Amino acid sequence: MCQLGERRRCGAVRCEAVRGDAGAMGEQPIFTTRAHVFQIDPSTKKNWIPASKQAVTVSYFYDSTRNSYRVISVDGAKAIINSTITPNMTFTKTSQKFGQWADSRANTVFGLGFSSEPQLTKFAEKFQEVKEAAKLARDKSQEKIDSSNVHCQGSGRDSPPSARASSVNGTDDEKASHGGTPDAQLKAENDKLKLALAQSSCNVKKWETELQTLRESNARLTTALQESAAGVEQWKKQFSICRDENDQLRNKIDELEEQCAELNKEKERNSQLSRRLEELEAELQDKETELEDLRKQSEIIPQLMSECESVSEKLEAAEKENRTLEEKVQSLKADIEDSKHKQSHLKAELKNFLESLDGKIDELQDFRRGLSTLGSED
């Protein structure tokens, strides 16, 4: 448990516990993204269980000491992904924004939901790169193990006899340099044999340790291989089930999209009907206004009718007066025609009178000239 003064560091301590001692030996993040984390339901092996309530950070870590790769994701103080990438793993895209991979050691299937397809593509490409790097590291490790076994076998066969031969027989230089007594030579040879035996014991212990380590590694690899082989068929079945579920989900999505299209059409029809209803309500309001105007006008119809009757009476009286006036006009026209006729007759008589008057005037002028002539003669 965390003490009172270390509560703020509890989350970091738990995260370090997830990373293990490898973090202290040089494990560094090489790629980071954000996604929603899911795990397969262990009881049904079909449904997905959300491991995070929201998008969390998912990172690839590389341990240079162990030459291994891991996918780690921590939600608060809880590790929701701690998966070591092996060459047998495969990352599968099940949709445009969702991918998954199986971890036989964790005995689960991890799923990641991304916000966009490019993020999923980058994560899948990085998974493939890490997978290839893990495969290369495994091959190199196997080559080192094979070369070490060969070296150990060669050293076990050759080194002790040569050491013993060199120690017992010695070289020509050693034989030439030792000119002492046989007891001294035997003692020297005995010391050399003890030294060679101690060195051989150290080498044997070292080789036994390396052999035990190789056996443990081989056992782990064998166990992992057996687990992978045992889980392949299970993952195939789960993949087939997930694929069927995805097909069903796609069909369901297509149905929902069709329903959404129908719903959109219904919404469009409803909006059109709403607009038509508003237009009809506006027309109805206009008609009600017109009807109110007609009602107001109908209230003054009796007054208009009485006025119309008085106007009709006045019109009849005016028509009578008009007829009387017409009769007077006709009589006046007749009088005017008669007057015109009389006036033309008077004009004719006046003209005759003027002509006769002119004749008389001419006669008087002639008479005056005659009188003037007579007066001048006298």
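Which elements each supply at least two residues of the lining of the second largest pocket? I looked this up and found strand 7 and helix 4. The model is predicted, so local features need pLDDT of at least 70 and side-chain atom pairs pLDDT 80 or more, while totals for chains, interfaces and linings use all residues. Residues are numbered from 1 along each chain as its sequence is written, and side-chain values use heavy atoms, without hydrogens and water.

Terms, noted once. Helices (H or I, at least four residues) and strands (E, at least two) are DSSP runs numbered from the N terminus. A pocket is an open set of points on a 1 Å grid over the protein atoms alone, where a 1.4 Å probe fits, with protein on both sides within 12 Å along at least five of seven lines; lining residues have an atom within 4 Å of a point.

Second largest pocket. I noted 14 lining residues, with Thr94, Ser95, Phe98, Asn246 and Leu249 nearest the centre. Helix 4 gives the most to this lining, six residues.

Largest pocket. I counted 50 lining residues here, and Ile85, Thr86, Pro87, Arg105 and Leu221 lie nearest the centre. Strand 1 (27-40), strand 4, strand 7, helix 2 (117-168) and helix 4 (182-299) give two or more residues each. Helix 4 gives the most, with 16.

Backbone. I found asparagine 67 in the loop between strand 3 (56-63) and strand 4 (68-75), with a positive phi near 55°. I placed asparagine 107 in the loop between strand 7 (98-103) and strand 8 (108-113); its phi is also positive, near 55°.
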